[in-house]
Amino acid sequence: MDLLEPEILLQLLINGLLAGALYALLAGGLNLIFGVMRVINIAHAEFMLIGAFGAYVLFNVFGLHPLLSLLIIVPAIFVVGYYFQRVLIERVVGRPMLTSLLATYGVSIILINVGLLIFSADFKSVPVLQGSFLVGELAISKPRTVAGLVSLILSVGVYLFLERTRLGKAVRAVSEHAQVAQICGIDVRQIRMLTFGMAAAMAGAAGVMLSIIYSFWPGSGVDFIQKCFAIIIIGGMGNFVGALYGGILLGVVESFVGGFISTQWAEAMAYLLLVAVLLIRPTGLKGVARA
Amino acid sequence: MPDLNQRMISVWAGTVLVGLAMLAPLGVNEYYQSFLLQVFLVIALAQAWNLISGMTGYVSFGHAAFFGVGAYAGALFLTWGFPWWLAILKGAGVAALLAVPLGFLTLRLRGPYFAIAMLGLNEVGRIVATLWVSLTKGGTGLTLSPTLLPSLDVKYFTMLALALGATLLIAWIHRSRFGLELRAIREDEEAAEMVGVNTTRNKVTAFVLSALIPGAVGAVYAMYTSYINPASAFDHARNIEMIVVVLFGGSGTVWGPIIGAATVMVIREMLWAQFPAAHLAALGVLLLVVVLYLPGGLVSIVRERQQKRPDARPGESP
């Protein structure tokens, strides 16, 4: 097999783009939270796993297809995130950044271990879609296509919400300058709750999509949060669109490294990219320079 | 500032505790001796974390990596025929050597960026230990032959010495100019730089010292359990434990990690017996409660009682 054949390159590119779309959806939510309230939510990937395990339970108990369970899980996690902000995160907003890091780290530990109590450490998956689409010489995996496209649609949807609607503009205003936004009559607390709810819902949706392509267990979050950090630092912390680019970039890089070198190295790419970016620009490439 | 009286209380309390710890093997059975050894282990690790994160405010989420490196280095040197005490020193040395370039690279990162960069370190250690099969035997792990190992008493006193050494190091730094400069970095790094503090040298020195201790502790741990593998040497839970213990007791203080370690270990031991799977979740709850309601840790309660000054506030957790 010659790796430089155009079909194989195209195949790797498509796989990378599809995986990247999922990363982008997940990291976009994390960056939205950081932009609006300067909180790095270490538990973000655990919200994703709530979505994944939600899809798993709905599939195994009610036989619900993950695409349908999105309609239940996304609103449910939105509500969880909305009140989570009110009960917990609101208390650490404006405190030193490390307070929020430690608090969300605590939440992450709790969620992982509650997950282990309920679901044990076995790997789970939701095998609904199998096989591949054949387009000429290319074979594109069905579950990856569905997960990638749904993720892309959701990210674009959130982008349009932020750009076009009044509420979205309010979110951006709080992200740019909370005090000025407050003076202009925006209910900043409400916007923060909305933002966390939205970010959690995006993570949850990413989790449902994850459930159809990967197997997962309650400890899976660590790999993903690592990737998310790499993505938001590459794309610019607090910059929603930057996270989308960063996610897609990481997906493509991983796919090519996986194809040409080995999958073990592909797993290490996020960390290597992160370290490389941090060494070039100790405050991150774009976005909020000083937290 | 603690006055002379308070310092005398500290010194006396410390002496009594160390005396009791030294006599303990005469009076307790092996189970309690093992438990105490683990308390010393946690104290030493917590003091190491306290040195970099409590004092400078650079919160490390990956410090357990140095423990893992020390565990592997100690185990390997022991199997290569070095005496146990030299293997421990070499374990500490390897961890400290590794910390020099790592410190120069990562400590340029401010606040959350440093925390994020360190979060992956333990994971990288685990991957390297798994993949470098020719040295580490990969996932199979290293088994240490019992003939090479020192007795439980030796390991107990070594661990006690490490906990004591780490604590004295912290106490000394706390009162020295070096400690003052580290706290200046925590409060406002730019301002510290402006008044002539060599921030890079101080941060890297603190980082290397704080890697040395877990390196030695890891080597003793490998001898204590006589078997290590990538999962046990680079255990993510150990990071959590260090952070929770220091914050619970009081970060940036000398007594905080000791009080924290004793309390958390006793709570953990009780939870372990009752609900084996829930103890980590309990540590998470503890972390959350401390961060939200007790940012100065347990030590701050005592302090406030003593001082009763209207303007005395518990220290902000870094």
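The model is predicted, so local features need pLDDT of at least 70 and side-chain atom pairs count only at pLDDT 80 or more, whereas totals for chains, interfaces and linings use all residues. Residues are numbered from 1 along each chain as its sequence is written, chains are lettered from A in the order in which they are written, and side-chain values use heavy atoms, with hydrogens and water left out.

**View 1. The interface of chain B and chain A.** Chain B and chain A bury about 3,400 Å² between them, 74% of it on carbon and sulfur atoms; buried area is the accessible area (1.4 Å probe) that two parts lose on being put together, summed over both. Helix 5 (111-119), helix 6 (121-131), helix 13 (236-249) and helix 15 (279-293) of chain B are the elements that give two or more residues to the side of chain B touching chain A. Helix 15 gives the most to this side, with 9 residues. Helices (H or I, at least four residues) and strands (E, at least two) are DSSP runs, numbered from the N terminus. In the contact (heavy atoms within 4.5 Å), 37 residues come from chain B and 37 residues from chain A.

View 2. Side chains of opposite charge can pair when their charged atoms come close. A salt bridge is a side-chain nitrogen of Lys or Arg within 4 Å of a carboxyl oxygen of Asp or Glu, and the structure holds 8 of them over all chains. A:R192 and A:E90 form one, at 2.5 Å from N to O.

View 3. The side chains of B:R268 and B:E241 meet at 2.3 Å, N to O. B:R268 counts as buried at 17% relative accessibility, and B:E241 counts as buried at 9%.

**View 4. A salt bridge of A:R172 with A:E163.** The closest N and O atoms of this pair are 3.8 Å apart. A:R172 is partly exposed, with a relative accessible area of 30%, and A:E163 is partly exposed at 32%.

**View 5. A:S151 in helix 5 of chain A.** A:S151 counts as buried, at 0% relative accessibility. Apart from neighbours within four places in sequence, A:S151 is in contact with A:A21, A:L22, A:L25 and A:M209. Helix 5 (residues 142-164) also holds A:Y159, which is partly exposed, with a relative accessible area of 33%.

**View 6. B:P150 in a loop of chain B.** The loop lies between strand 1 (142-143) and helix 8 (152-175). B:P150 is buried, with a relative accessible area of 10%. Leaving aside neighbours within four places in sequence, B:P150 touches B:W84, B:K155 and B:M223. The C-alpha atoms of B:P150 and B:A21 are separated by 19 Å, and these residues are 129 apart along the chain.

Conventions:
Buried means under 20% relative accessible area, exposed over 50%, partly exposed in between (1.4 Å probe, protein chains only).
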